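I opened this model to look up a few things about its folding. My entries are below, in the order in which I made them.

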Amino acid sequence: MKKKVWLGALLSLFAAVFLIACGSKSTNTAESSTPASSSKEEAVSGASEKVYTDPSELKDNYDVVVIGSGGAGMAAAVSAHDAGASVAVLEKMGEVGGNTAKSSAGMNASQTKFQDKEGINDSNDKFYEETLKGGGGTNDPELLRYLVDNSASAIDWLDGMGITLSNITTTGGMSEKRTHRPADGSAVGGYLVTGLYHNLTERKIPMFVNADVTNLEEKDGKISGVEVKIDGKTKKVAAKAVVIATGGFGADLEKVAQLNPKLKGYVTTNQAGSTGDGIALAEAKGAATVDMEQIQIHPTVEQEKAYLITEAIRGEGAILVNTKGERFFNELETRDKVSAAINGLEPNYAYVVFDSALKDRVKAIAQYEKKGLVKSGETLADLAKAIDVPADALQTTLDTWNKAVADKSDAAFGRSSGMDHALDKAPYYAIKIAPGIHHTMGGLKINTNTEVLNKEGQAIPGLYAAGEVTGGVHGKNRIGGNAVADIIVFGRQAGEQSAKFVKK
């Protein structure tokens, strides 16, 4: 009897080891099944090497071809697939993610279940009005209305796929906490890209990288596919609809300076692939553009590595000080105004100052530390020495600020948000920053169905666009947290509408 029990246990152990070994095999293409996970959340949060589809598997035709693999492109691909379309994603860079991978603050949304849980009394109308004000009243009202009214359902849509943005903070220009980020307060970009990638692989949607689309094909007045350079060859791929989600042109510094000469010499936070390719592809087919000269500089960019320092740090209570150790502006004004204030300093840079408690609340700071961007001091005097500002002045500035937080009244600069926590927990930290090119508000003109419009205001049949490649949503100035809202809300819509068009 004991021998049988021992043998059974040995066989069970062998079976378990065999299953684990099988489950640990890496996938060869994005069309292969993903490893099993006890939950979608575990799969989304788990770090793993991304695997892409072999170029030889690129078919001659699909219902929908998505150009670009940032948040908008991946959201469109998932949405189109779930609406019944066959989909392929073509990405010119060597990996998916685009500028989305560099995003850090979060996703703005109003009237969400996560706000309700925290007792945050927000409204779509307030979100609309504050974004309109931030954009200088020049936002396309229909696109903006669609963005805010569909933001909560987009949060739910992501949550349903295991991409949960339940930690809420605030950004400049917002009076309510509506910037949603991962539960641990980490940067939204990497989490979002990993989560969407997981959902694409789960659906066996092929993702082709190093696939440079050079032309949109047209037949009988409709977009009929693409021409793509891949694996050293040029191939035509037929499609009943094409979604352009290639991002903006913030990495094309020559074009930026041409459109806005004042921006010549600025560093850019954009990934190398953000060169406006999708805009050019659509313009060649008669597409209209809007707001091309509206290019946003972000106030807090570390200059040596051109690395964006998330607005969530200020949203959680950090302050900006000049080389005299003094505050000089409302840190949570809109990005254009904060950037102008920093540019008006002499010398024209500042420091983001925060304490250890805030460092624990904003996980992105750990990434900045790894890159050597953060100065620290065991005491405030030590920090003042590290960043070469007067210790007495910095102490007075922090004391005044902490009293303003306690009184909920910033008499100096009228700040009214991001004042939930004092800066009083040593050690103290600072990051040297100045403005850098961050976002291009202009791009292809679309309607709320994400159809690309021609110069006569008519939809180009079969052509859709979403994300930073489009213009009109943000007006003259984008509010922090609205880019992620833009790519998810309109990316999802582009997928649904392109799949619907395919079925006509």
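**Ground rules.** I noted that this is a predicted model, in which local features need pLDDT of at least 70 and side-chain atom pairs count only at pLDDT 80 or more, while totals for chains, interfaces and linings use all residues. Residues are numbered from 1 along each chain as its sequence is written, and side-chain values use heavy atoms, with hydrogens and water left out.

**Helix H5.** I took helices (H or I, at least four residues) and strands (E, at least two) as DSSP runs, numbered from the N terminus. I counted a residue as buried under 20% relative accessible area, with a 1.4 Å probe and protein chains only. In helix H5 (residues 124-134), the buried residues are Asn124, Phe127, Tyr128, Glu130, Thr131, Leu132 and Gly134. I then looked up what covers them, and the list includes strand E3 (107-108), helix H6 (141-149), helix H7 (151-160) and helix H17 (482-502). After H5 comes Gly136, with a positive phi near 70°.

**Asp355.** I found Asp355 in strand E14 (residues 350-355), and Asp355 counts as buried because its relative accessibility is 0%. For contacts I used heavy atoms within 4.5 Å. Leaving aside neighbours within four places in sequence, Asp355 is in contact with Ala422, Leu423, Asp424, Lys425, Pro427, Tyr428 and Tyr429. Asp355 and Leu423 are 68 residues apart along the chain, yet their C-alpha atoms are separated by 5.5 Å. The side chain of Asp355 also reaches two backbone nitrogens, that of Leu358 at 3.0 Å and that of Lys425 at 3.1 Å.

**Strands.** I took two strands as paired if DSSP finds at least two bridges between them. An open sheet of three strands has the order E3-E5-E4 with antiparallel pairing, and its edge strands, E3 and E4 (167-169), each pair on one side only. E4 pairs with strand E5 (residues 179-181) over three bridges, and Ile168 has His180 of E5 as its bridge partner.

Strand E9 (residues 233-244) pairs with E19 in the parallel sense over three bridges, and Ile244 has Ala465 as its partner. Strand E18 (residues 451-453) runs antiparallel to E19 and is joined to E19 by two bridges, with Glu451 partnered by Tyr464. In the hairpin of E18 and E19, which has five residues between the strands, Gly457 takes a positive phi near 85°.

**Nonpolar cores.** I defined a core as a set of buried Ala, Val, Leu, Ile, Met, Phe, Trp, Tyr and Cys residues joined through side-chain atoms within 4.5 Å. Which residues touch the most other members of the largest core? Of its 98 residues, they are Leu158 and Ile488, and H17 gives the most to this core, with ten residues. Not counting residues up to four places away in sequence, Leu158 touches Met107, Ile163, Leu165, Leu192, Leu196 and Ile488. Apart from this core lies another, of 42 residues, among them Val338, Phe354, Val362 and Val405.

Definitions and conventions: Buried < 20%, exposed > 50% of the residue type's maximum accessible area, 1.4 Å probe, protein only. Polar contact = N/O pair within 3.5 Å; in protein donor to acceptor, adjacent residues only side chain to side chain.
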